[in-house]
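Colleague: Please show the structure, and then let us discuss it by question and answer.

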Amino acid sequence: MIELRNVKKYFKKPVRGKGVLGMLKTLFSRKYTLVKAVDGVSFDINDGEAVGYIGANGAGKSTTIKIMSGILTPTEGDIFIDGQRPYVNRERKNVLKSIGVVFGQKTQLWLDLPLTETYDLLKGVYDIPKDEYTKRLGELIELLDMKPFISAPVRTLSLGQRMRADLAAAMLHNPKTLFLDEPTIGLDVLVKRNLISAIKSIRAQYNTTLLLTTHAMSDIEQLCERVIVLDNGKTLFDGTIDGIKHMFGDKRNITVTTNRPITSDSVQTLSDRCDVPPEISQDGRQVKFSVDAGKQHVNEFLKSVLTTLPVEDIKITETDIEQVVRTIYENGIAPPPESESDGTGGEPDGENDRKEIETDGDGQKDGKIDETD
Amino acid sequence: MLKELKLYPKYVSMSLRSSLSYKADAILQILSFAVTEAVSLATIYLIVGTVPSVGIWSFEALAMLCGFTLIPKGIDHMFFDDLWILAYWAVRLGELDPYLTRPVNPLFQFVAKTFKWAGSGELVVGIVIMAIFAPQCAVMWTASGIIGIIVCAFLGIFVFTGIKLIFASLAFWVKSSGVILNTVYNFCNYAKYPLKYMGKAFLSIMLYVVPFGLFLYKPMECLITGENIWWSALWSAVAAVALVALGLFIWHRGLRRYESAGN
Ligand SMILES: Nc1ncnc2c1ncn2[C@@H]1O[C@H](COP(=O)(O)OP(=O)(O)OP(=O)(O)O)[C@@H](O)[C@H]1O
Ligand SMILES: [Mg+2]
């Protein structure tokens, strides 16, 4: 059981001056912007659940996982993993024994030595009994198809191989919970599919609780029953995949090809029944409708299409999560930020909200700081 | 603790085997540290050799002192070298992450992962110099004196380590504390000189502020003057315990501020 209670993590970033003089000033000033990476997140994950944790770049996903896996201490709030907090000195070892974590961006393996060496070290680190270790490593090698590279130095592995090796390293001590932060980043379609199915089998075999972040929605759809959407450090949505689709409209994209050009007048009655106006192609022979299946029967809409338009072909696609999430990111269904109006202007000295500081910036949504420099 | 002890040989063997892939590099490093120290001895010779002696310090005695300082320095270098990495970039680049997710003391993992052969360059040069010059000094070699300097050398390892840990851990506040650490660490080089004649103020700094004088210089002076070496040993022990404890305290405090790194 994982419990997050109003978890916050703020980072202080020094305000950088421009030029040499500005740099000198930076050295001596105590001005900083406060980046609210995680800003009051609460959720529970039950044993055996598989949860997708998604959000745009910089939403705070990795930061949350880092707190859960003992790397960061939260600024406020608490995380309990089976009642213990990973960032508290006396409790950390117990927590760490029961979790495994993979960061797709960074390997945790010993680069210059064969994989088996790292695994052998982990055997000591986690006090894994010898026969259990042998059995489990065998299973993982089989499952993740690691035979071909098990004794090659990690340095020489391909990204896909390395990711599998990292996953095995995280699973070796039979953790109850697995945190995967972008495990499919940079992998080609085939390798990715294999990795996902391997994770699936792992879960089937060991009933591991899973928290997964990714930018590929197909990963989530294949692995998770539940999604949590994070934006600007706050949760936007927490529920089932079907739930998210319904909440943001269970849209059908209907593309109609006609045998002669049509005008927007001729689709007037149809477009009245859609939330967004239909798109008609340049040559007027193709028109796209977006229909909310929750508001009307799709079959009746199609009947009307067939009677009013000279139809040659019809294609219907369901909204995928990617589309749903994109809508959320773009429109930001977040409740209007409450702290927007307090503390107007002034020098960014000390406890200042990043929203106020970036007002002269590049006009991003929700006053988000552009972290590229 | 027991687990860490059990794991240590494994770490050393992995570290050695992984540095084997860079054999030439390792040998060059050992040589470069040895040469650096030999040159510094030659410098002392050039300075001291022109005059017969500086007060109670003959050239032979100074050479022995020089060799002695290299012993704890070299040993610390072999075992705790990665504290430099902590100071310079590990905090800034978020390189502590993997050690924090494993159920073993993260500081232990961080320093155990590298066993630095290069330190043996200093250690060997130190022992050779001592072996050459110790018999030539006008010192009454007693059993108590010999055991005394061995104890001081042993404690000295931890004074080096403690000082490194304190200033490397400052990186949690300032992101990169390598320059600060380097400045403080380099004071150990002054312990090779006859501090007695270098001014009261400087001597006090070397004894009580950056206590390199306490466990490197003072025991040798005791040997030469015939004072009781065990007082220096006692103070070295106090310094070692205090500095390591302070270092651990700052490390633990700092770890709570550790920010990892964004991508
Ligand atoms: N060590 C750090 N120091 C300062 N700011 C940080 C640090 N780590 C993360 N941040 C900031 O916190 C915010 C959240 O970062 P985080 O890495 O958690 O995002 P994410 O959701 O994982 O994004 P991505 O999808 O790009 O991986 C970002 O604005 C980032 O710049
Ligand atoms: Mg991330």
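Colleague: How many salt bridges are there over all chains?

Modeller: This is a predicted model, in which local features need pLDDT of at least 70, side-chain atom pairs count only at pLDDT 80 or more, and totals for chains, interfaces and linings use all residues. Residues are numbered from 1 along each chain as its sequence is written, chains are lettered from A and ligands numbered from 1 in the order in which they are written, and side-chain values use heavy atoms, with hydrogens and water left out. A salt bridge is a side-chain nitrogen of Lys or Arg within 4 Å of a carboxyl oxygen of Asp or Glu. By this rule, the count over all chains is 27.

Colleague: Which residue forms a salt bridge with A:D39, and how many residues apart are the two?

Modeller: The partner of A:D39 is A:K234, with the closest N and O atoms 2.9 Å apart.

Colleague: Is A:D39 buried or exposed?

Modeller: Buried means under 20% relative accessible area, exposed over 50%, and partly exposed in between (1.4 Å probe, protein chains only). The relative accessible area of A:D39 is 11%, whereas that of A:K234 is 33%, which makes A:K234 partly exposed. By the cut-off, A:D39 is therefore buried.

Colleague: Which residue meets A:D127 in a salt bridge?

Modeller: The N to O distance in this pair is 3.4 Å. A:D127 lies in the loop between helix 4 and helix 5 of chain A and its partner in helix 1 of chain B, so the pair joins two chains.

Colleague: Which strands stand at the edges of the open sheet in chain A?

Modeller: Four strands form this sheet in the order 11-12-10-13, with antiparallel pairing; two strands pair if DSSP finds at least two bridges between them. Each edge strand has a single partner strand, so one side of each is left without a neighbour in the sheet. The edge strands are strand 11 (279-280) and strand 13 (311-318).

Colleague: Which residue in strand 12 of chain A stands opposite A:I280?

Modeller: Strand 11 and strand 12 of chain A run antiparallel and are joined by two bridges. The residue of strand 12 opposite A:I280 is A:V287.
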